[in-house]
Amino acid sequence: MEIAEIHIFKLDLPVKNGPYSMANAKVYSLDTTLVKIITKSGQIGWGETCPVGPTYAEAHAKGARAALEEMAPGLIGCSIEPKVIHAKMDSLLNGHNYAKAAIDIASHDALGKILGVSVSSLLGGALRKKVPSYYATGVGPTDEVLRVVREKILEGYPRIQIKVGGKPIESDIETIKKVWESIEGKDIRMAVDANRGWSTEEAIQVSRECSDVPFVMEQPCDTIEDLQQIKTQINHSLYMDENSTSLKVVRSVVDRGIVDGFGMKVTRIGGLEPMKIFRDICENSSLPHTCDDSWGGDIIAAACTHVASTVKENLLEGAWLAAPYIEGNYDKDNGIKIIQGHISVPEGSGLGVVIDETLFGSPIFSF
Ligand code: 0XW
Ligand code: MG
């Protein structure tokens, strides 16, 4: 089960009908990093990490590759068992979870293939064959957001996330109210994500002015202290996304009762092994959450879907994938797709996707 080779590739993923706009970011194309490991027995495992531009999180595509280049020589000969590979990565580099996540995902893929089980089995077992997804609109004029929301409801999405922030707060309030008018009575859940873009005053104002609109308020402000400050002054459930940077942070905010749920990201927390613990912390405190990543192709999509398949029914808010915003798949025949707002859990061992590596060209570096 030891790693014999590591190869790093890069690929640009243009945004279909781009740009994709968030409060602090406008992205036209995303720079994804692919990791291929080959074990001594010849088993291949694939991993991926794809920050959604340089301003969404403390993560950067070139930073991921620099961190992988730093760790890779020391990982040759290391076992792919999750605890072992994480201990080794931590001994080679402090932090940089989003780069370590790519090695973690590749290790899970190879380990599942060696054992003849799926990644969901490695994570405790799939509770469902189809996972609900949710659609995230970009930030934009109310009419445009409404058009997208109506289209996605017709496609069958059970949850809609509206992006806000980066425009006048009155416009955000109008968008929230109009979107609610169009989904009220339809059994569709709504989240409002400002991606750190509101001040504490703005978050409180939105909650007051939209007190009759049921939505989850996701990462409205920049810091944990901001969230703590607004928590008792808002009428809405408060979810933390960008601030969930480590398991220690997650444990601490759960213990202090600062949040009501999470937007969970596989790469930000460091991969599937820590994501499993994140999931269990949430389950232990009955906190709902999503299972997402910031962006990425079939490898990330498969990883998110496998995790989501293992989440307790009443706590699963859905899995977000970049698939609807990307042209094509890495796995031409069985790539991950969202159909009627739901994702089929990939079958087969490991991640369950067969990667066409000719799409990635030659590796940028190999060890
Ligand atoms: C909607 N997402 C899951 C995808 C974007 O990368 C941002 C993210 C979020 O919820 O912040
Ligand atoms: Mg979010």
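**Entry 1: the magnesium site**

I started with D193, which is buried at a relative accessible area of 0%. For this I took buried as under 20% relative accessible area, exposed as over 50% and partly exposed as in between, with a 1.4 Å probe and protein chains only. A note on the ground rules: this is a predicted model, where local features need pLDDT of at least 70 and side-chain atom pairs count only at pLDDT 80 or more, while totals for chains, interfaces and linings use all residues. Residues are numbered from 1 along each chain as its sequence is written, chains are lettered from A and ligands numbered from 1 in the order in which they are written, and side-chain values use heavy atoms, with hydrogens and water left out.

Next I asked which protein donors the magnesium ion (ligand 2) has. Donors here are N, O and S atoms within 2.8 Å of the metal (3.2 Å for Na, K and Ca); water is not among the atoms, so sites may look incomplete. Along the chain, the donors of this ion follow the spacing D-x24-E-x22-D. D193 lies in strand β9 (residues 189–193) and D241 in the loop between β11 (237–240) and α9 (247–255), so the pair ties together parts that are 48 residues apart in sequence. Helices (H or I, at least four residues) and strands (E, at least two) are DSSP runs, numbered from the N terminus.

I then checked D241 for burial, and it counts as buried at 1% relative accessibility. D241 also has a charged partner: its side chain meets that of R268 in a salt bridge (2.8 Å, N to O). A salt bridge is a side-chain nitrogen of Lys or Arg within 4 Å of a carboxyl oxygen of Asp or Glu. R268 sits in helix α10 (residues 266–269) and D241 in the loop between β11 and α9, so this pair links distant parts of the chain, 27 residues apart. Both R268 and D241 are buried.

**Entry 2: two domains**

I looked up the domain assignment and got domain 1 (3–117 + 354–366) and domain 2 (122–344); such bounds come from an automatic or database domain assignment. Their centres, taken over C-alpha atoms, are 23 Å apart. How much area is buried between domain 1 and domain 2? I noted about 3,200 Å², with carbon and sulfur atoms giving 62% of it. Buried area is the accessible area (1.4 Å probe) that two parts lose on being put together, summed over both. K16, Y20 and Y56 supply 21% of the area that domain 1 buries against domain 2, more than any other three residues. In terms of contact (heavy atoms within 4.5 Å), 41 residues of domain 1 touch 44 residues of domain 2. I also counted two salt bridges between the domains.

**Entry 3: more salt bridges**

The structure holds 26 salt bridges. I picked out K36 and E357, whose closest N and O atoms are 2.8 Å apart. K36 is in strand β4 (residues 29–39) and E357 in the loop between β16 (342–344) and β17 (365–366), so this pair links parts of the chain 321 residues apart. K36 counts as buried at 10% relative accessibility, while E357 counts as partly exposed at 28%. D356 pairs with K332, with 2.5 Å between the closest N and O atoms.

R251 and D255 form a salt bridge with closest N and O atoms 3.8 Å apart. Being four residues apart in helix α9, they are separated by about one helical turn. R251 is partly exposed at 49%, and D255 is exposed at 59%. I also noted a network of salt bridges linking E144, R147, E151, K152 and E155.

**Entry 4: cysteines**

How many disulfides are there? I got zero, with a disulfide being a pair of cysteine sulfur atoms within 2.5 Å. The sulfur of C221 is 15 Å from the closest cysteine sulfur, in C210, which is too far for a bond. C221 is buried at 0%, and C78 is buried at 8%.

**Entry 5: T305**

Last, I checked T305, found in helix α12 (residues 298–309). Is T305 buried or exposed? T305 counts as buried, at 0% relative accessibility. Leaving aside neighbours within four places in sequence, T305 is in contact with V131, L321, I336, I343, S344, V345 and P346. T305 and I343 are 38 residues apart along the chain, yet their C-alpha atoms are separated by 7.2 Å.
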